[in-house]
Amino acid sequence: NANKESNGDTPSIATLTAGGGDGGDRTSLYEAILAANNTANSPAGTPDMIQFAIPGAGPHVIDVSSGAIALPTIVEPLIIDGYSENNGGAASANTTSIASAINATILIVLDGNGLASPGLSIATGGGGSEIRGLNIQDFDGAGIEILDSDDNIVAGNFIGTNDAGTAAAANTFGVSITGTSTGNTVGGTNAADRNLISGNSASGAFLSNGATMNTVEGNFIGMQADGTTTLGNGGSGVFVNDTANATTIGGTTTASRNVISSNNTGGRL
């Protein structure tokens, strides 16, 4: 029984708290991203931050489709931190090793209900952004799209599953990195950075069209949150086409390895 919020002018969905924002006033997620885009970051190079303070225990579902338009594309550096939600229920990042179940509590759900758009999109100008602590589901597009944008971090999210990480709630792609996008990281070597990328109708992570020197590490891809039950993605776990160069999948340490299993067309192409 998740609390249902809209994508419109509903109070208490998001609080823009730092770096040239709107002084911390409560606003909708749509308006918070728009405000971040339209206000120069201060000091320069310091990302704005969106934090959440929604009353009740959650999970809190932000129904993006209710506004019939996509969320604004991020074009200035921005941190969206779903783990900040603690108003009636405490969200928390994962603390377990890659060999164990994910114990994160995610209370902010972006639900596209089939909306033909990415859940969140980062484009030119938005480089240096970070998306963390969100459950992104049911978008007819990528859960997170990075297009011609560098040095972004996608960490600690559930992408393509329900908020418990136990069933599919498919986006088309989980995370899409395309165009001249360089130095982006999906996951990380810290326990809190592990993404669950499963249940999507196409590939979990999709890198193409000139994307260069990007990293996919420390994630569960095609698994449920328990780390042992499979769920799969409809395409590859990680798809790298021949125009995406110097991609790092996993690494040389235990913490950097991905667990990739039961995807429809294999782990990696």
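Student: Which strands form the open sheet, and in what order?
Tutor: Strands 8-11-14-17-20, in that order, form an open sheet of 5 strands with parallel pairing. Strand 8 and strand 20 (238-240) are its edges, since each of them pairs on one side only. From one strand to the next, the twist averages 10°; axes here are lines fitted to C-alpha atoms, for helices over the stretch in contact, and angles run from 0 to 180 degrees between N-to-C directions.

Student: What kind of model is this, and how are residues numbered?
Tutor: This is a predicted model, in which local features need pLDDT of at least 70 and side-chain atom pairs count only at pLDDT 80 or more, while totals for chains, interfaces and linings use all residues. Residues are numbered from 1 along each chain as its sequence is written, and side-chain values use heavy atoms, with hydrogens and water left out.

Student: What counts as a strand, and when do two of them pair?
Tutor: Strands (E, at least two residues) and helices (H or I, at least four) are DSSP runs numbered from the N terminus. Two strands pair if DSSP finds at least two bridges between them.

Student: How many helices and strands does the protein chain have?
Tutor: The protein chain has 1 helix and 22 strands. Of its 269 residues, 54% count as buried; that label means under 20% relative accessible area, with exposed over 50% and partly exposed in between (1.4 Å probe, protein chains only).

Student: Back to strand 11: which way do its side chains point?
Tutor: They alternate along residues 144-147.

Student: New topic. Which residues have the most contacts inside the largest nonpolar core?
Tutor: Ile-33, Ile-80, Leu-110, Leu-120 and Leu-134 do, in a core of 38 residues. A nonpolar core is a set of buried Ala, Val, Leu, Ile, Met, Phe, Trp, Tyr and Cys residues joined through side-chain atoms within 4.5 Å. Helix 1 (residues 29-38) gives the largest share of this core, 4 residues. A second, separate core has 13 residues, including Tyr-83, Phe-158, Phe-220 and Met-223.

Student: What is Ile-80 in contact with?
Tutor: Leaving aside neighbours within four places in sequence, the contacts of Ile-80 (heavy atoms within 4.5 Å) include Ile-33, Leu-120 and Leu-134. Glu-130 and Arg-132 are also among them.

Student: How many residues of strand 10 are buried?
Tutor: 5 of its 6 residues are buried. Strand 10 pairs with strand 7 (residues 108-115) in the parallel sense over 5 bridges, and Ile-108 stands opposite Leu-134. Strand 10 (residues 134-139) also holds Asp-138, which has a positive phi of about 65° although it is not a glycine.

Student: Where does Met-213 lie, and is it buried or exposed?
Tutor: Met-213 lies in the loop between strand 17 (205-207) and strand 18 (215-217), and counts as exposed because its relative accessibility is 52%. Its phi is near 60°, again a positive value in a residue other than glycine.

Student: Which peptide bond is cis, with omega near 5°?
Tutor: The one from Gly-58 to Pro-59. Pro-59 is found in the loop between strand 4 (48-51) and strand 5 (60-63). Most peptide bonds are trans.
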